Amino acid sequence: MSHHTHQHSEDHSHGQAHAQRTMERHADVAVVGGSAAGLGAALQLGRQRRSVIVVDCGTPRNSPAAHMHGYLGHDGLPPADLIAIAREEVRRYGVEVLAGRVEQVEQVEQVDGRRFRVELTGGHSVVARRIVVATGIVDELPEIEGLAGAWGRGVVSCPFCHGFELRDRRITIVATHPMALHSVPLWRHLTDRLTILASPELIDEEVVGRLRGAGISVVAGEAASIATDDGGNVLGIELRDGQRLVADAIAVAPPFRPRIAPFASLGLTAGPHPSDAGTCVGVDETGETAVPGVYAAGNVTDPSLQVLNAAAQGTRVGAMVAFSLADDDLDRADRTSSNQADWDHRYSGSPMWSGNPNGTLVAEVDAMPPGRALDVGAGEGGDAVWLAERGWRVTAADISQRGLDRLDAEARRRGLDIDCRRADANGRDPFERGAYDLVSAFYASIPRTPDDRAIHAMADAVAASGTLLVVGHDLTPMRSPIDPSVASRAFDPDAYVRVDDVARVLSNHPGWKVELHERRERPAGAATHHVHDVVLRARRR
Ligand SMILES: Cc1cc2nc3c(=O)[nH]c(=O)nc-3n(C[C@H](O)[C@H](O)[C@H](O)COP(=O)(O)OP(=O)(O)OC[C@H]3O[C@@H](n4cnc5c(N)ncnc54)[C@H](O)[C@@H]3O)c2cc1C
């Protein structure tokens with residue numbers, strides 16, 4: 001567990017004077033882009049017991065809009081609220097959503113097959129078996145003064161997203177290329193005060209005749225600037241020839257390009273969209289791109305997808321990625337746990353154990369008469385060793401065999417008999433029931449599940465009148481915003497069982513009494529700087 005302490009402490013240190021150590025994380029799937037498409041894929045994969053790390057830099061395409069329309073079941077919700085709901089849904093399955101930006105992805109060959117190394121700003125990386133590209137597109141807004149500032153409010157592109165709210169208003173379509181006329185019939189149906197401002201070369205007399213015949217006014221000219229009031233509402237358009245058009249809203253059809261620069265080194269390219277208005281990434285019916293193992297979903301594959309469709313496509317692609325991973329595993333007769341691989345990797349370097357037991361363990365357990373103890377997420381075993389030296393009969397459980405091997409070696413060196421067991425706290429019956437006078441979990445990184453399986457497994461392992469002692473970091477510093485252009489998070493604490501989750505389960509449980517649940521300054525020891533813990537101590541009745 002001391003490695004967990006160490007690792008989280010690194011995260012705590014972010015933003016402080018000393019340098020942050022970079023981490024290499026391991027997952028089945030790295031999803032780049034954590035909006036509708038990416039989170040849709042992540043939800044499927046999390047529910048297929050895949051370890052998933054989503055990286056998101058916080059700039060979804062519709063972020064300038066105040067409301068999201070046309071999403072069945074959530075019509076009118078602010079876009080950020082949908083993302084917040086979806087993030088909580090995926091985190092409940094242990095899917096991590098890291099704030100950060102992917103800079104580059106490269107292919108790496110390992111003994112057990114091909115992997116992708118995803119490099120994040122600030123130096124952290126994620127090594128994954130599959131990639132889902134869900135980075136969306138960039139709308140290349142025409143360079144008209146004042147236009148970008150009103151984008152998503154008075155300046156829009158999609159009649160399905162904004163049309164109803166703009167019905168009966170004076171709408172001007174600023175047409176800078178032929179595709180801009182594509183949605184004219186829809187806008188005309190939404191308002192009888194429609195104007196098209198088109199570059200003269202786009203004006204075909206026959207088309208103009210048809211439009212004017214339908215009551216649309218057509219003006220030949222070039223927009224110079226958009227006039228807005230102090231509140232950012234559109235007032236009209238100044239033309240290059242000095243004319244002024246009064247308008248309540250402006251519709252444009254900007255060319256688009258997918259956000260795929262980080263994947264260029266993999267050979268991922270974009271091809272022309274059928275509309276000729278931009279480019280997108282081609283995929284097969286499973287969502288796989290021309291680069292094997294790299295999938296794509298959402299606007300990056302088709303800019304016409306609204307949020308619901310982007311989420312739906314992501315969901316489908318997530319399912320296809322799950323199939324492809326499961327097929328590989330079946331062929332290798334393997335049921336891999338990337339979560340185990342992640343921890344084994346972390347224990348492959350020099351030992352992380354500070355050599356000291358956790359101060360809170362010492363404070364809480366010192367006065368207890370020794371009995372049987374289970375240390376969950378024991379890692380390299382600083383606490384298990386301390387308990388054994390105090391006369392406890394200790395079982396040390398961890399998902400990482402490498403961590404346990406180190407613990408075992410240390411225990412033998414000290415002549416201690418510690419029972420080391422590789423166990424996944426989320427697995428089937430991971431711990432002996434009702435057997436331990438003390439079950440401790442210190443900074444144990446156990447992925448969350450909606451049914452709190454691991455919490456029940458730990459609680460069930462406690463004997464009558466026994467104690468469950470759970471300590472985690474105060475997560476507040478790890479949730480503070482960061483600037484993804486320079487730094488990324490290495491770890492998402494909200495994808496893991498939190499001390500507060502344990503408190504929630506046990507405080508409503510007739511068989512338990514929560515004796516203590518508090519935030520505390522960590523006693524001196526492993527921590528090199530000022531940090532807080534959250535401590536929970538509960539007794540089985
Ligand atoms: C102004 C406007 C208003 C809209 N209104 C609506 C509406 O009302 N209803 C509707 O259904 N649709 C609306 N849309 C369309 C909607 O924006 C898209 O359907 C939707 O955003 C597509 O989802 P996506 O997941 O494919 O991409 P996005 O939502 O664009 O998400 C891509 C994500 O990838 C992340 N990302 C990109 N590159 C990286 C990187 N290198 N590293 C890490 N993260 C990265 C971004 O931060 C972003 O969060 C609107 C669009 C616009 C432009």
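Student: Which residues does Val 132 touch, not counting residues up to four places away in sequence?

Tutor: In this predicted model, Val 132 touches Val 29, Val 31, Val 32, Gly 38, Ala 41, Tyr 295, Ala 297, Val 317 and Val 321, with residues up to four places away in sequence left out.

Student: How should I read such a group of contacts, and which residues of the largest nonpolar core touch the most other members?

Tutor: The general idea is that in soluble globular proteins nonpolar side chains tend to be buried together. Here the largest nonpolar core has 111 residues, and Ala 30, Val 132, Val 133 and Met 458 touch the most other members. Helix α7, residues 307–331, contributes the largest share of this core, eight residues. At least three residues of the core come from each of domain 1 (23–139 + 256–339) and domain 3 (345–540). Another core, of 26 residues, lies apart from it, and its members include Val 156, Trp 187, Ala 198 and Ala 249.

Student: Into which domains is the protein chain divided?

Tutor: There are domain 1 (23–139 + 256–339), domain 2 (147–252) and domain 3 (345–540). As for the chain itself, it has 14 helices and 26 strands, and buried residues make up 46% of its 541 residues.

Student: How many residues does each side give to the contact between domain 1 and domain 3?

Tutor: The C-alpha centres of domain 1 and domain 3 lie 32 Å apart. Their contact takes 24 residues from domain 1 and 18 residues from domain 3. On the domain 1 side, β1 (24–32) and β3 (96–99) each supply at least two residues. The most comes from β3, with four residues.

Student: Which residues are closest to the ligand?

Tutor: The ligand is surrounded by 39 residues, of which Gly 33, Ser 35, Gly 136, Gly 298 and Gln 306 are the closest. The elements giving two or more residues to this shell are α2 (36–47), β2 (52–56) and α7. The shell divides into 19 nonpolar, 15 polar and five charged residues.

Student: What share of the contacts with a separation of 6 or more joins residues 24 or more positions apart?

Tutor: In the protein chain, such residues account for 67% of those contacts.

Conventions:
Residues are numbered from 1 along each chain as its sequence is written. This is a predicted model: local features need pLDDT of at least 70, side-chain atom pairs count only at pLDDT 80 or more; totals for chains, interfaces and linings use all residues. A nonpolar core is a set of buried Ala, Val, Leu, Ile, Met, Phe, Trp, Tyr and Cys residues joined through C-beta atoms within 7 Å. A residue is buried if 20 or more other C-beta atoms lie within 10 Å of its own, exposed if 12 or fewer, and partly exposed in between; C-beta atoms are placed from the backbone. Domain bounds come from an automatic or database domain assignment. Two residues are in contact if their C-beta atoms, placed from the backbone, lie within 7 Å. A residue is near a molecule or strand if its C-beta atom, placed from the backbone, lies within 6 Å of it. Ala, Val, Leu, Ile, Met, Phe, Trp, Tyr, Cys and Pro count as nonpolar, Asp, Glu, Lys and Arg as charged, and the others, Gly among them, as polar.
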